[in-house]
2 protein chains.
Amino acid sequence: MVRAVQKRTLQTRARLVEVAQALVARDGYAALRVEDVVAGAGVAKGTFFAHFRDKEALMERLISAELAARLARAGAGPVPDGVDAMIAALEPYHGFLASERYVFDIALRYSGAAQVAEVGPMAQTFEDCVTLVAGWIARSGGFRRDVPPDLLAEGVQAFAIQSLSLQFCALHQAEAGPARMRRYLVAWLLPPGPALPG
Amino acid sequence: MVRAVQKRTLQTRARLVEVAQALVARDGYAALRVEDVVAGAGVAKGTFFAHFRDKEALMERLISAELAARLARAGAGPVPDGVDAMIAALEPYHGFLASERYVFDIALRYSGAAQVAEVGPMAQTFEDCVTLVAGWIARSGGFRRDVPPDLLAEGVQAFAIQSLSLQFCALHQAEAGPARMRRYLVAWLLPPGPALPG
DNA sequence: GCGAAAAAATGACCGTGGTCAGTAAGAAAT
DNA sequence: ATTTCTTACTGACCACGGTCATTTTTTCGC
């Protein structure tokens with residue numbers, strides 16, 4: 001016999017999330033302490049872990065929610081008709097991933113489902129992003145047609161991650177994220193040009 | 001007046017690394033505890049942190065050493081002349097990255113230099129890999145020539161990371177790593193085929 | 001050799017994520 | 001109402017990475 005979830009449960013969880021969001025807004029994601037969250041919510045430490053597997057599970061929830069919101073706004077806009085328009089359309093989404101090293105790390109770690117038969121919110125959001133981009137590619141006219149749109153979209157994600165990785169890295173900081181991304185996408189998404197000399 | 005490094009220093013550091021490697025060989029990377037390392041080496045905990053900034057600095061050293069060794073073996077072999085040969089040549093390198101989730105995470109986090117004007121061993125190894133692949137592409141005949149080889153090589157790295165990410169993920173486990181990698185590289189490295197129907 | 005200065009090593013201590021046996025609160029059964 | 005069963009909550013406790021004032025060892029000028 002499975003009972004309905006108690007009202008109290010939902011209240012407690014909501015309060016934990018609320019407090020966490022406020023703390024993140026003030027100090028950023030990396031600075032979040034579980035002890036501060038429970039203190040702010042007025043519950044014991046153990047309660048936190050009754051609601052979230054671990055600290056990162058809360059992080060996944062917070063970060064994927066923000067990503068999903070930004071992705072939804074991108075999806076509501078017009079279909080981008082070229083590489084530059086696509087980069088611009090995805091900028092808020094990628095900008096958030098680039099905002100904090102910790103955010104990028106968590107996003108990457110949870111971008112795949114954590115366990116068999118369980119697709120977390122982060123994995124869902126990443127998949128939604130691929131689906132959105134694939135739709136753009138299929139509908140727009142300017143992209144190469146010898147590769148299926150969803151494979152191209154997966155590549156866009158791969159290049160985005162590569163660009164962001166290098167953005168966090170001193171070695172290649174000379175070239176900004178969007179500029180690097182542009183070089184990748186021109187080569188990946190457009191019909192090929194003539195062979196280079198040499 | 002800057003003094004030479006003491007013999008003792010090198011001995012202690014070598015012993016720490018040695019013990020750590022033995023523990024990793026037995027229990028894997030994720031299970032390594034600093035306290036076990038110092039106990040095995042017969043030194044105090046503080047000594048460890050006099051030799052390594054933190055636990056991950058040791059991890060970077062261990063993991064990048066293994067990666068570099070595998071990369072060197074790949075570089076000693078013949079130049080691969082196509083997508084399948086390239087995947088096969090890089091398999092030991094990628095296989096190690098896929099061997100443990102923790103290894104993959106550390107490798108990614110340190111694949112870029114940590115600080116300005118300091119290129120860590122992991123970043124160096126990743127760069128060496130790109131250089132090696134770029135050389136293969138430039139020397140071999142079968143790849144597209146409308147994009148410079150080093151950009152193509154960076155793309156190979158991006159697709160490898162994408163494939164490995166998805167390998168750790170339940171959602172896409174249906175398709176094995178090398179098979180997925182192959183689809184990406186055919187689209188990325190080869191001259192384009194005719195447009196798909198539809 | 002000897003004394004001073006630098007380098008290396010020590011271990012008690014701290015912060016923080018995470019656990020778990022025990023308790024309280026809520027929802028059914030009587 | 002009272003008992004029973006389930007779910008939610010508690011907080012002392014542990015694990016483990018990391019710090020730092022202090023002590024030991026080494027090096028170097030004399």
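How many salt bridges are there between domain 1 of chain A and domain 2 of chain A? The count is zero. The legends below take up this boundary in a predicted model.

**View 1. The two domains of chain A.** Chain A is divided into domain 1, residues 1–52, and domain 2, residues 54–189. The contact takes 14 residues from domain 1 of chain A. Domain 2 of chain A puts in 13 residues. The C-alpha centres of the two domains lie 28 Å apart.

**View 2. The area buried between the domains.** Domain 1 and domain 2 of chain A bury about 1,100 Å² between them. Of this area, 75% is on carbon and sulfur atoms. In domain 1, Tyr29(A), Leu32(A) and Phe52(A) lose the most area to domain 2 of chain A. Together these residues make up 54% of what the domain 1 side buries.

**View 3. Polar links across the boundary.** Four residue pairs are in polar contact between domain 1 and domain 2 of chain A, both residues at pLDDT 80 or more. Salt bridges between the two domains number zero.

**View 4. The domain 1 side, element by element.** Helix 1 (7–27) and helix 3 (45–51) of chain A each supply at least two residues of the side of domain 1 that touches domain 2. Helix 1 of chain A gives the most to this side, with five residues. By class, the domain 1 side that touches domain 2 of chain A has 10 nonpolar residues. Two polar and two charged residues also belong to that side.

Key:
Residues numbered from 1 in each chain as written. Chains lettered and ligands numbered in written order. Predicted model: local features only at pLDDT ≥ 70, side-chain atom pairs only at ≥ 80, totals over all residues. Heavy atoms only, no water. Domains from an automatic or database assignment. Contact = heavy atoms within 4.5 Å. Buried area = accessible area lost by both parts, 1.4 Å probe. Salt bridge = Lys/Arg side-chain N within 4 Å of Asp/Glu carboxyl O. Polar contact = N/O pair within 3.5 Å; in protein donor to acceptor, adjacent residues only side chain to side chain. Helix = DSSP H or I, 4+ residues; strand = E, 2+ residues; numbered from the N terminus. Nonpolar A, V, L, I, M, F, W, Y, C, P; charged D, E, K, R; others polar.
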